[in-house]
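Please look at the sequence and the structure before reading on.

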Amino acid sequence: MSTEKQIIQIALAGNPNSGKTSLFNALTGLNQKVGNFPGVTVDKKTGTATLSPQIQAKVIDLPGTYSLYPRRADEWVAYSVLMNVEKKERIDMVLLVLDASNLKRNLLFCTQLIDLKYTVVVALTMNDLAAKKGIQIDVEELSRELNIPVIPVNPRNNKGIGELKKVIARIALQPIAAPANDFIATKKLAEGAITKLQKQLPDTNDYMALHYLANYKNLPFAQQKKDVIAQIEQEEKFSATKAQADEILQRYTRIRQIMQQFVVEPDPLQKKLFTEKLDDILLHRVWGYLILATVLFFLFQSIFWLAQYPMDGIDWSFTHLTNWVAGILPRAWWSDLICNGLLAGLGGIIVFVPQIMILFGLITLLEDTGYMARISFLMDKLMRKVGLNGKSVMPMISGFACAIPGIMSTRNIENKKERLLTIMITPLMSCSARLPVYTILIGLVVPNIYYLGVFSARGLIMMAMYMLGVVMALIVSLVLKWIIKVKEKSFFILELPIYRSPRWKNVGVTMVEKAKVFVFEAGKVIIIISLLIWFLSSYGPSKKMQAVDQKYEVLRTQAPKADLATLAQINRNFGTEKLENSYAGIIGKSIEPVIRPLGYDWKIGIALITSFAAREVFVGTMATLYSVDENNTATLQQKMKNAKRSDDSPVYTVPTAMSLIIFYVLAMQCMSTLAVVKRETKSWKWPVIQFIYMTGLAYLCSFLIFRILI
C-alpha cells in the first residue's frame with residue numbers, strides 16, 4: 001500500500017493588513033523558506049502544511065494586493081502569478097484571506113478571483129475586531145451566496161485552523177466545480193473583443209480574457225500573441241479604462257446588495273475603538289515624535305544593555321577554547337589553521353549573535369504591535385521635504401536589518417522618482433552587518449559607564465551612529481531630488497493596522513531564524529575570508545619569509561634561555577615582522593598611504609578590502625590578523641587595544657576608532673547590495689553612482705572627524 005502523500009499547491013492571497021502573514025505562519029509553522037518569484041526580486045515565501053495524513057500543501061504567500069488592477073511593483077508580482085501566463089506556478093487552489101472588519105473592500109478582490117475560475121477557499125480573519133465594531137456577518141449565507149467555503153479563523157490563537165485544513169483537504173480530494181456564472185456579466189463589458197480573443201486562446205475564460213486585453217503589454221506573452229491581442233484591441237476599439245470602471249461599479253453594486261442581506265453594520269456614530277484612542281496619543285503632532293524618539297532610544301540602548309553578558313561569555317569561551325585546542329594539538333601548519341584561522345573566524349561570528357537576535361526581536365515587536373506603520377505616518381511630512389514620502393520609511397527601517405530586503409520592498413512605492421531615491425539612500429541605514437563593527441570599536445574607546453544609572457555611554461554613541469546614517473540619507477535625498485528629473489505626482493495612502501499584543505512565539509521564531517541566517521549565510525563568507533586571510537598572513541615571498549626566520553633564529557639562540565620575558569618579546573616581534581612580510585602585509589602596506597590620512601594602519605586597510613564582501617567580515621579579518629600576530633590568552637578586543645604602530649603609539653585611539661566607525665556608517669561595502677540595486681533599477685548606472693558617492697562621502701567625513709579629534 002502506497003504511503004506517498006498527494007501534494008497540492010496553494011496561493012495565499014489577500015489585502016494588506018488582513019492577517020495573511022499570521023495565517024501563513026499558523027499553517028506552515030517553521031516549515032518555511034524564502035526565495036524569489038521567477039524573474040523578480042520580490043521575496044517569495046513558501047511553506048509546507050500537512051492538511052491530512054494523505055495530503056500536504058505547498059503554500060505560496062503572494063504579496064498583498066487590493067484588487068486585480070495592480071499599481072505597485074509588488075502587486076504586479078501577485079497579479080502575474082494569478083494570471084499564470086507562463087505556467088511557472090501551478091495553482092491548485094487560492095486561499096483568500098478576508099478581513100471581516102473591512103468586508104466590503106475585501107470582497108472586491110474575492111469576486112475577481114471567483115471570476116478567474118479558481119478554486120477559492122476563504123479564511124475570514126479579524127472577527128474579534130469586527131465584533132468590537134458591532135459588525136455581524138452571516139457566514140453560512142455569505143458562503144452560499146458566493147458559492148465558496150468561508151471559514152472564520154483567528155491565526156494568532158490557532159482558532160479555526162483545524163477546520164480550515166479539513167475543508168482544504170476535502171476539496172483537494174473532491175474538487176468543486178467553479179461557479180458556472182460570473183459574479184457580474186463580464187462578457188458584456190467588451191463582448192466583441194473577448195469573443196475574438198477566446199477564438200485565439202480557446203482555454204481562456206471571460207474574465208481572464210478581459211485582463212489579457214487590458215494588460216497584455218505588461219504580461220509575459222510571446223510577441224506574436226501580443227501582436228494578435230493588439231490587433232483585436234484596435235479592431236474592437238477596446239478601452240481598458242472604461243472596462244475597468246464599468247467592472248468596479250458593477251461589482252460594488254452587487255457587493256452592496258450582499259452586505260445589506262448578510263452583514264449587519266453598526267451606527268457610524270459609534271464610540272471610538274481603543275486603536276483610535278491610542279492613535280490620538282501616538283500620532284500626536286508633539287507627543288508622537290517624543291514617543292518615537294524614546295522607542296528608538298530604548299532600541300539602541302537594549303542592543304548593549306541586554307547583550308553585554310552573553311557576548312562577554314561567548315568571547316571568553318572562544319578565547320579559552322582556542323588556547324585549549326592549541327595546547328593539545330602538535331605544532332603544525334594545520335593546527336595553526338584551526339586555531340588562528342577557523343576558530344578565530346568562528347568566534348568573530350558567534351559573539352555577535354545575541355545582538356543580532358535582540359535587534360530583530362525588537363523590530364519584530366514593533367511590526368507585530370502595529371507601531372511600525374505609525375512610524376511611516378509620522379515621518380511622511382519630513383520625507384516629503386527631501387523628495388520622498390511616508391512609504392519610504394518602511395524600506396529605510398528594513399535597512400536597519402539589511403539593505404537588500406529594504407531595497408526590494410521599495411516596490412510598493414508607486415512614484416518612480418521616490419522609489420529611486422529610496423533605493424539610493426537605503427544602504428546608508430546602519431544594517432545589522434555593521435553592528436559587530438560598531439560594537440567592537442565603541443567598546444575599544446568608549447568607557448562602559450552609565451549616566452543617571454540608566455543611560456549607557458556606549459548605547460548613546462551607538463544611537464548617534466544610527467542617527468548619523470538617517471541624517472545623511474535625508475541630506476543625500478535632498479541633493480538627488482534636484483538632480484534626478486522625473487515629474488510624477490505622488491500620493492501617500494496608508495492603511496494603519498489595529499494595535500495588537502505581540503505574538504511572542506513569532507518574535508522568538510524570528511530571532512532564531514535571523515540568528516541562523518547570520519551564522520550560516522554571513523558566517524560562510526566570514527569563515528572563507530578568515531581562512532584566506534590566515535593563508536595570506538601566514539605565507540609570503542619565500543626570500544622575505546626565510547630572512548625573517550633566520551633573523552629571529554639567531555636572536556633566540558643569542559638570548560639567555562632562562563630569560564623568559566626576553567624570549568616572549570622576541571616571539572612577539574617575530575610574529576609582527578612575519579605578518580608584515582606576508583602577502584597580507586604587502587597588500588596592506590601598498591594601500592596604507594591612501595588610508596593613512598584617516599588614521600588607519602595597513603591591517604585596517606586589509607579589513608576594509610575584505611569587508612567589501614560583507615561588512616561583518618571586518619571582525620573576522622581582525623581576529624585572524626591579530627591571532628597570527630600574537631597568540632596569547634587575550635580576547636580580540638584586548639589584542640586590538642594593545643595594538644601598536646611602528647612608533648609604539650596605540651593604533652586604536654579615539655580619533656582613529658571614531659573615523660573608522662563613521663567610514664563604516666557611510667561607505668558602500670556590500671557586493672550583494674550593489675547587485676540588488678542593479679536588478680531593481682535594471683542598470684549598472686545607479687549602483688556605480690551609489691558606490692562612488694557613498695565611498696567618497698565616507699572618506700571625506702572620516703578624514704574630517706579624524707582631523708577634528710586629534
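This is a predicted model: local features need pLDDT of at least 70, side-chain atom pairs count only at pLDDT 80 or more; totals for chains, interfaces and linings use all residues.

Biologist: How many helices and strands does the protein chain have?

Modeller: Helices (H or I, at least four residues) and strands (E, at least two) are taken as DSSP runs and numbered from the N terminus. On that basis the secondary structure of the protein chain comes to 31 helices and 11 strands.

Biologist: What percentage of the 710 residues in the protein chain is buried?

Modeller: Buried means under 20% relative accessible area, exposed over 50% and partly exposed in between, with a 1.4 Å probe and protein chains only. Among the 710 residues of the protein chain, the buried share is 53%.

Biologist: What share of the contacts between residues at least 6 apart in sequence joins residues at least 24 apart?

Modeller: A contact means heavy atoms within 4.5 Å. Of the contacts in the protein chain between residues at least 6 apart in sequence, the share joining residues at least 24 apart is 74%.

Biologist: Why is strand E6 described as largely enclosed?

Modeller: In a regular strand the side chains alternate between the two faces of the sheet. On one side of E6 are Val120, Val122 and Leu124, on the other Val121, Ala123 and Thr125, and all are buried. Strand E6 (residues 120-125) is largely enclosed by the rest of the structure because the buried count is 6 of the 6 residues.

Biologist: Which residue of E6 stands opposite Leu96?

Modeller: Two strands pair if DSSP finds at least two bridges between them. Strand E5 (residues 93-99) runs parallel to E6 and is joined to it by 6 bridges. The residue of E6 opposite Leu96 is Val122.

Biologist: Which residue of E8 stands opposite Leu124?

Modeller: E6 also pairs in the parallel sense with strand E8 (residues 150-152), over 3 bridges. Opposite Leu124, the residue in E8 is Pro152.

Biologist: In E5, which residue is the bridge partner of Ile10?

Modeller: Strand E1 (residues 6-14) has 7 of its 9 residues buried. E1 is joined by 7 bridges to strand E4 (residues 55-61), and these run parallel. E1 and E5 also pair in the parallel sense, over 5 bridges. The partner of Ile10 in E5 is Met93.

Biologist: How many residues of helix H20 are buried?

Modeller: The buried residues of H20 include Leu435, Tyr438, Gly443 and Val445. Helix H20 (residues 435-445) is largely enclosed by the rest of the structure, because its buried count is 11 of the 11 residues.

Biologist: Where is Met126, the residue with a positive phi of about 60°?

Modeller: Most residues other than glycine have a negative phi, and most peptide bonds are trans. Met126 is not a glycine, although its phi is positive. Met126 counts as buried, at 15% relative accessibility. Its place is the loop between E6 and helix H4 (127-132).

Biologist: Is Asn158 buried or partly exposed?

Modeller: Asn158 lies in the loop between E8 and helix H6 (161-173). It too is not a glycine and has a positive phi, of about 65°. With a relative accessible area of 47%, Asn158 is partly exposed.

Biologist: How many disulfides are found in the whole structure?

Modeller: A disulfide is a pair of cysteine sulfur atoms within 2.5 Å. Cys110 is buried, with a relative accessible area of 0%, and Cys701 counts as buried at 16%. The number of disulfides found in a search of the whole structure is 0.

Biologist: Is the pair of Tyr212 and Phe221 edge-to-face or stacked?

Modeller: Rings of Phe, Tyr and Trp (its six-membered ring) pair if their centres lie within 6.5 Å; planes under 30 degrees apart count as stacked, over 60 as edge-to-face and the rest as tilted. The whole structure has 7 aromatic pairs. The ring centres of Tyr212 and Phe221 are 4.9 Å apart and their planes are at 90°, so the pair is edge-to-face.

Definitions and conventions. Residues are numbered from 1 along each chain as its sequence is written. Side-chain values use heavy atoms; hydrogens and water are left out.
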